[in-house]
Amino acid sequence: IFSADSFAVFPNPIENLITVKNENNMLINSIVVNDINGRIVKTQSFENLPNVEMNVADLASGIYMMKINSDKGSITKKIIKK
């Protein structure tokens, strides 16, 4: 079953590096990070990996929405940058 709980995103709040993992062998092909106004502030593509790390050290402190795109669909998680 594909749901927001399919992916673990940690640590949250984040300082520099965020890890995205899943236990369902879903393959991540990209992550898009939006600020609270909906503007895209960071995008990273991956080669269909089950677990990825993304460096967010360049983001300002605040609340962001992280859209995880996989081979099974997309979900959005709220993340907080310290």
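**Exercise 1.** How many salt bridges does a search of the whole structure find?

*Solution.* The basis comes first. This is a predicted model, in which local features need pLDDT of at least 70 and side-chain atom pairs count only at pLDDT 80 or more, while totals for chains, interfaces and linings use all residues. Residues are numbered from 1 along each chain as its sequence is written, and side-chain values use heavy atoms, with hydrogens and water left out.

A salt bridge is a side-chain nitrogen of Lys or Arg within 4 Å of a carboxyl oxygen of Asp or Glu. The search of the whole structure finds four salt bridges.

**Exercise 2.** Which parts of the chain does the salt bridge between K82 and E15 tie together?

*Solution.* Step 1: the closest N and O atoms of K82 and E15 are 3.4 Å apart. Step 2: K82 lies in the segment after β7 (73–81), and E15 lies in the loop between β1 (7–10) and β2 (17–22), so the pair ties together parts that are 67 residues apart in sequence. Strands (E, at least two residues) are DSSP runs, numbered from the N terminus.

**Exercise 3.** Is D58 buried or exposed, and is K42 buried or exposed?

*Solution.* Step 1: the side chains of D58 and K42 meet in a salt bridge, at 3.2 Å from N to O. Step 2: D58 belongs to the loop between β5 (52–55) and β6 (62–70), whereas K42 belongs to strand β4 (residues 40–49), and the two are 16 residues apart. Step 3: buried means under 20% relative accessible area, exposed over 50%, and partly exposed in between (1.4 Å probe, protein chains only). Step 4: D58 has 57% relative accessibility and therefore counts as exposed. K42 has 18% and therefore counts as buried.

**Exercise 4.** What is the order of the strands in the open sheet of three strands?

*Solution.* Step 1: strands of a sheet pair through backbone hydrogen bonds, either parallel or antiparallel. Two strands count as paired if DSSP finds at least two bridges between them. Step 2: the order is β1-β2-β5, with antiparallel pairing. Step 3: β1 and β5 are the edge strands, each pairing on one side only. Step 4: β1 and β2 run antiparallel and are joined by four bridges. In this pairing, A8 stands opposite K21 in β2.
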